[in-house]
Every structure is written in C-alpha cells, then in structure tokens.
Amino acid sequence: MGDLPTTSVAEFRTAAWPVKNRAMTGRVVLDLFLTWAGLGAFGILLVVALVGVATGQDGSLPMAALAGVLTVLLGWRVLRRLRGARQVREAVDGLSREVDARAARGVIPVTPDGWQGQLPPPPHEHAGTWL
C-alpha cells in the first residue's frame, strides 16, 4: 500500500486514489489475464484427461493429476490476489475515514498551504464497489 501522507486531507486523497484504483477487483481480474488463460487451458486439459481415464486410455491418469494440480494452483493464485486486493481497499477506506475524522476534529488541515485545485472525493465513499 505504501506510505500515504496523512498531513492533510487533500494530500491523502490525492495519493490514496491511485492505490485504491490498482486494487479494484475489476482491474485485478484484468491484470490476471494470462492466469485466466492458463486456468482455462488446464481446465480443458483436465476434462480431456478425465474423459480419457473414464474410457480406459493408458496415460490419462498422470495427465489428469498434473492438470488437476495446475488448475488448483492457478485458482489459488487468483483467490490470493483478489483477497490481497480486498485487504488493500479496506485499509485505504479505513485510513480515509480516520483522516476525515482527524480533519473534522481539527487535528489536520483539509488542504495544505498553497493547495491549488479541487479536493478529491474521499475513497471510502466508494467502499464495496468492485470497479
């Protein structure tokens, strides 16, 4: 997640949005394109091998075992990446709420001195969205 600045709301929000966008589920799913392709290929190989085992062809059992192991490993990778992305999103949303609460108490300013431009929206307002 990196070190997000918490010295002002504007600085935090500006730095937090790119971090949260990289961890959005839709982006993570698209980034795993080759993993999905491999998962599909090994899944098809597994089905073909299981059909071979069912029809009694020699050599299909080792191929089925290998395809099954590779399918499980790639599926585990997808789930691990999605779980990690969710944890990043939840951490950014929690820190966003904390920064806004600190600004409401007057502990930190909303914008630093010399800030030019608009204040980005808080990342936690989009909590629970997948894109």
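**Reading burial, cores and salt bridges**

Mentor: Buried means under 20% relative accessible area, exposed means over 50%, and partly exposed lies in between (1.4 Å probe, protein chains only). This is a predicted model, in which local features need pLDDT of at least 70 and side-chain atom pairs count only at pLDDT 80 or more, while totals for chains, interfaces and linings use all residues. Residues are numbered from 1 along each chain as its sequence is written, and side-chain values use heavy atoms, with hydrogens and water left out.

Trainee: With which residue does Arg86 form a salt bridge?

Mentor: Side chains of opposite charge can pair when their charged atoms come close. The rule for a salt bridge is a side-chain nitrogen of Lys or Arg within 4 Å of a carboxyl oxygen of Asp or Glu. Arg86 pairs with Glu90, and their closest N and O atoms are 3.7 Å apart. Both residues lie in helix α4, four residues apart, about one turn of the helix. Helices here are DSSP runs of H or I with at least four residues, numbered from the N terminus. Glu90 is partly exposed, at 49% relative accessible area.

Trainee: How many salt bridges are there by this rule?

Mentor: The count comes to three. One of them joins Arg13 to Asp100, with 3.1 Å between the closest N and O atoms. Arg13 lies in helix α1 and Asp100 in helix α4, so this pair ties together parts that are 87 residues apart in sequence. Arg13 is buried, with a relative accessible area of 10%.

Trainee: Is Lys20 buried or exposed?

Mentor: Lys20 is buried, with a relative accessible area of 1%. Its side chain meets that of Asp93 in a salt bridge (2.7 Å, N to O). This pair also links distant parts of the chain, since Lys20 is in helix α1 and Asp93 in helix α4, 73 residues apart. Asp93 counts as buried too, at 7% relative accessibility.

Trainee: Which residues make up the largest nonpolar core?

Mentor: A nonpolar core is a set of buried Ala, Val, Leu, Ile, Met, Phe, Trp, Tyr and Cys residues joined through side-chain atoms within 4.5 Å. The largest has ten residues: Leu4, Val9, Phe12, Ala16, Val19, Val92, Leu95, Val99, Ala103 and Ile108. Helices α1 (9-22) and α4 (60-105) each supply at least two residues of this core. Apart from it lies another core, of five residues, including Ala23, Val28, Leu32 and Val78.

Trainee: What does Ala103 touch, not counting residues up to four places away in sequence?

Mentor: Contact means heavy atoms within 4.5 Å. On that basis, Ala103 touches Val9, Ile108 and Val110, residues up to four places away in sequence not being counted.

Trainee: Where is Thr35 placed, and with which residues is Thr35 in contact, leaving aside its neighbours within four places in sequence?

Mentor: Thr35 belongs to helix α3 (residues 33-54). With neighbours within four places in sequence left aside, Thr35 is in contact with Leu74, Arg77 and Val78. At 8% relative accessibility, Thr35 counts as buried.

Trainee: Is Thr55 buried or exposed?

Mentor: Thr55 is exposed, with a relative accessible area of 53%. Thr55 lies in the loop between α3 and α4. Val48, in contrast, lies in helix α3 and is partly exposed, at 47% relative accessible area.
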